[in-house]
Amino acid sequence: MRSQPLTLKELELWPHATVTPLQASGVLGIAPYTLNVMARKGHIRLGSNPCEIYFFFSGNHLRIQKASLLAWCRAESPV
């Protein structure tokens, strides 16, 4: 498993259904710890984007769903 932030291209090619906060931080542009804090509060929403980023905890480990992260990225990018 890659333990570095992913770029958008790398995220699209990522073979797994979930990513870690560290991997997602490259696409979102925020610290992995911030993602953990948001998730512990109940939701991950950034800016005015209407898309929520879905996640779950496996024990103490936060896992972010790749599909919802990609949907968030597509909603953020200008058409």
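Guide: Start with rings. Rings of Phe, Tyr and Trp (its six-membered ring) pair if their centres lie within 6.5 Å; planes under 30 degrees apart count as stacked, over 60 as edge-to-face and the rest as tilted. The structure holds 1 aromatic pair. One caution about the source: this is a predicted model, where local features need pLDDT of at least 70, side-chain atom pairs count only at pLDDT 80 or more, and totals for chains, interfaces and linings use all residues. Residues are numbered from 1 along each chain as its sequence is written, and side-chain values use heavy atoms, with hydrogens and water left out.

Visitor: Why is the pair of Phe55 and Phe57 called edge-to-face?

Guide: The ring centres of Phe55 and Phe57 are 6.1 Å apart, within the limit, and the planes stand at 85°, so the pair is edge-to-face.

Visitor: What makes Arg40 count as lying over the face of Phe57?

Guide: A charge sits over a ring if NZ of Lys or CZ of Arg is within 6 Å of the ring centre and within 35 degrees of the ring normal. Arg40 lies over the face of Phe57, at 4.0 Å from the ring centre.

Visitor: Why is Phe57 called partly exposed?

Guide: Buried means under 20% relative accessible area, exposed over 50%, and partly exposed in between (1.4 Å probe, protein chains only). Phe57 has 27%, so partly exposed is the label. Val37 has 30%, so Val37 is partly exposed too. Leu35 has 0%, so Leu35 counts as buried. Ser68 has 7%, so Ser68 is buried.

Visitor: What makes a set of residues a nonpolar core?

Guide: A nonpolar core is a set of buried Ala, Val, Leu, Ile, Met, Phe, Trp, Tyr and Cys residues joined through side-chain atoms within 4.5 Å. The largest one here has 18 residues. Val19, Leu28, Ile53, Ile64 and Leu69 have the most contacts inside it. H2, helix H3 (32-41), strand E3 (61-65) and helix H4 (66-76) each supply at least two residues of this core. H4 gives the most, with 4 residues.

Visitor: Which residues does Leu35 touch?

Guide: Contact means heavy atoms within 4.5 Å. Leu35 is in helix H3. Leaving out residues up to four places away in sequence, Leu35 touches Pro21, Ala24, Ser25, Leu28, Ile30, Ile44, Leu62 and Ile64. With the same exclusion, Ile64 touches residues including Val19, Leu35, Ile53 and Leu69.

Visitor: How do you know that E2 and E3 pair?

Guide: Two strands pair if DSSP finds at least two bridges between them. 4 bridges join strand E2 (residues 55-58) to E3, and the two run antiparallel. Among the bridge partners, Phe55 has Ile64, Phe56 has Arg63 and Ser58 has His61. E2 and E3 form a hairpin with 2 residues between them, and Gly59 in the turn has a positive phi of about 70°.

Visitor: What makes E1 part of the sheet?

Guide: 2 bridges join E1 to E3, again antiparallel. Val19 stands opposite Ile64 in E3. The 3 strands form an open sheet in the order E1-E3-E2. Strand E1 (18-19) and E2 are the edge strands, as each pairs on one side only.

Visitor: How do you know that Ser68 and Gln65 make a polar contact?

Guide: A polar contact is a pair of N or O atoms within 3.5 Å; within protein, one must be able to donate a hydrogen and the other to accept it, and residues adjacent in sequence count only if both atoms are side-chain atoms. The backbone oxygen of Gln65 lies 3.1 Å from a polar atom of the side chain of Ser68, inside the limit. Ser68 is found in helix H4. Beyond residues up to four places away in sequence, Ser68 touches Glu52, Ile53 and Tyr54.
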